[in-house]
Amino acid sequence: MSEKIATRDVYGQTLVELGRENSKVVVLDADLSGSTKTKLFSKEFPERFFNAGIAEANMTGMAAGLAAGGMIPFASTFAVFAAGRAFEQIRQSVAYPGMNVKIVATHGGITVGEDGGSHQSVEDLAIMRSLPKMTVLCPADGPETGAAIRAAAAYKGPVYVRLGRGKVPVVFDQGCDFTIGKGVTLRDGSDLTFITTGLMTAEALLAADILAEENISARVVHLGTIKPIDIDLVLKAARETGAIVTAEEHSVIGGLGGAVCETLAEGYPVPVERVGLRDEFGQSGTAEELLVHYGLTAAHLVEAAERTLARK
Amino acid sequence: MLTDQQIRELEDTARHLRVEVLKMLHTSQSGHTGGSLSAIDVMTVLYYQRMRHDPSNPAWEDRDRFVLSKGHAAPALYACLAGCGYFPKEDLKTLRRLGSHLQGHPDMNKTPGVDVCTGSLGQGISQAVGLAMATRLAARPSRVYTLLGDGEVQEGQVWEATMSAAHYGLGNLCAIIDQNGLQIDGATEDVMNVGPLGPKFLAFNWHVLEVDGHDIQAISRALDEAEAETERPTAIIARTVKGKGVSFFEHKASYHGVPPNDDELERALAALAMR
């Protein structure tokens, strides 16, 4: 897990591969192609790249129109603008008609860092998850991002993919599989289960190591798909370990933690601790400082595990 | 140029479609009367004379596309689609009913012949821009038409889309603005004056035409001129009358979202029959 890769870099490279394989793949951006890495695609396929300028609403509508015309559009910008500013365009022009549009948002979460709270989306997973027909993905690392982008391209219908800005530890093997709607058990355990998404999965693996030294057996389940959530895997974890800790680089309201709690409340209630932002916005700082400040590290996960075990 | 005979036939069709719109809205007792009637003549020329489309094959790839950006004029669209044979006219009685394929606003997944979902103002034109891009990429001969309201152009997204269509030189795109001068809260120039529209589209590097939106020959000629322009998108500002064709509905914002009652339907049908 020493190697680190930015998920957005893998996104850019995967788009180029998809562009070579399928002439229907087109890409849109809103003046952030250097940051979202769609610029790689624009250089190789300039005729299939559409910069919308700083106009996210129209970018989303154009993507819907391109899909209506038989193309497979990938539209990218930062998560705050993709899911926030263009929300109603996603609702009306993409989700409601079930358009084959892939919205790939980079710079999700607080690890955007120095740009501050205005640019750190802590609510995009919740917003997108609430839309009927929408599939929501949040890969853990570089290799899984490549597989998730390919799965999104192969899937017919609207997909929201949340990626990050910084380099994150590699958890998955190169060439790993990604099945929309299926989580992955990365480590087995019997005392509790970490259910995590995005970059928090790497932290959960570290936390499980620390707990193992205290003779606590922690399972780690990674959900690369937030919606549709892998109900079977979540309920299995609850039945077999009896305690859950969720962790996400997102508000604890409405995202992974919300989805897991809804699933457990209806299916198999057990004690849950949700790790994430506690109904607050982020702020400027380095990514590392912010993860510590908001309690999103392996050490915090260990504490959450101990709290949930005490409630068993 | 249309012949006198063609003009007479299209005018007859438009009158018939107005009757269908009024009956449909009277049956549903819900929907938008004024803006459906103002748009009928433009839509008649598009569906009955101009667009390449095949009602027996709604998914024909090379068809021209129509995006009703002012989606609340759905009754006008449904009257055209039924009239052209996309579905039985009998279905028009189900407008806005539970389970009907004729939703309050156009739904591509439910109604044969509807190309995209619209209804939230300002969004249709962006989708039309995307369709025009896809059409050009796929080297299809199709043209893309979109109809907007003159209140709708108060939405900022319309101008984002306008900017992008010119930037990408979409000569296969034609936007028609149904300039009836009224929106639900009153006169467009009183609610939020966005005029003059022609100079605005011109300033955004569009090819701009202004016509009487109830003059069949003028509409047809403008569409010819739009098609002849291949480098730039064309905006046709169609000057229309809200509620056109039924004197007591005309020029009234109060009939924006109000269907005819029994008495109004009877008088309206009588008036249309006399013309």
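Which residue forms a salt bridge with A:R219, and how far apart are the closest N and O atoms? The partner is A:D188, and the closest N and O atoms are 3.1 Å apart. A salt bridge here is a side-chain nitrogen of Lys or Arg within 4 Å of a carboxyl oxygen of Asp or Glu. Over all chains, the count comes to 27 salt bridges.

The model is predicted: local features need pLDDT of at least 70, side-chain atom pairs count only at pLDDT 80 or more, and totals for chains, interfaces and linings use all residues. Residues are numbered from 1 along each chain as its sequence is written, chains are lettered from A and ligands numbered from 1 in the order in which they are written, and side-chain values use heavy atoms, with hydrogens and water left out.

The interface comes next. In chain B, 25 residues are in contact (heavy atoms within 4.5 Å) with 26 residues of chain A. The two chains bury about 1,900 Å² between them, 59% of it on carbon and sulfur atoms. Buried area is the accessible area (1.4 Å probe) that two parts lose on being put together, summed over both. Between chain B and chain A there are zero salt bridges. There are 13 residue pairs in polar contact, both residues at pLDDT 80 or more. A polar contact is a pair of N or O atoms within 3.5 Å; within protein, one must be able to donate a hydrogen and the other to accept it, and residues adjacent in sequence count only if both atoms are side-chain atoms. On the chain B side, helix 4 (123-137) and helix 5 (156-167) each give two or more residues. Helix 4 of chain B supplies the largest share, nine residues. Helices (H or I, at least four residues) and strands (E, at least two) are DSSP runs, numbered from the N terminus.

On a 1 Å grid over the protein atoms alone, a cavity is a set of points where a 1.4 Å probe fits but cannot get out, and a pocket is an open set with protein on both sides within 12 Å along at least five of seven lines; lining residues have an atom within 4 Å of a point. Grid points are joined across faces, edges and corners, and a volume is the space filled by probe spheres set on the points. The largest pocket holds about 600 Å³. Its lining has 27 residues, and A:A67, A:A68, A:G69, A:G70 and B:M108 lie nearest its centre. The second largest pocket holds about 500 Å³. Among its 27 lining residues, A:T111, A:K167, A:V168, A:L199 and A:L291 are the closest to its centre. Strand 8 (167-169) and helix 12 (287-293) of chain A each give two or more residues to this lining. The whole structure has four cavities of 30 Å³ or more. The largest cavity holds about 60 Å³. Its lining residues include B:Y47, B:M51 and B:H53.

Some backbone features complete the picture. The peptide bond from A:K227 to A:P228 is cis, with omega near 0°. A:P228 lies in the loop between strand 12 (225-227) and helix 10 (231-241) of chain A. B:G195 and B:P196 are also joined by a cis peptide bond.
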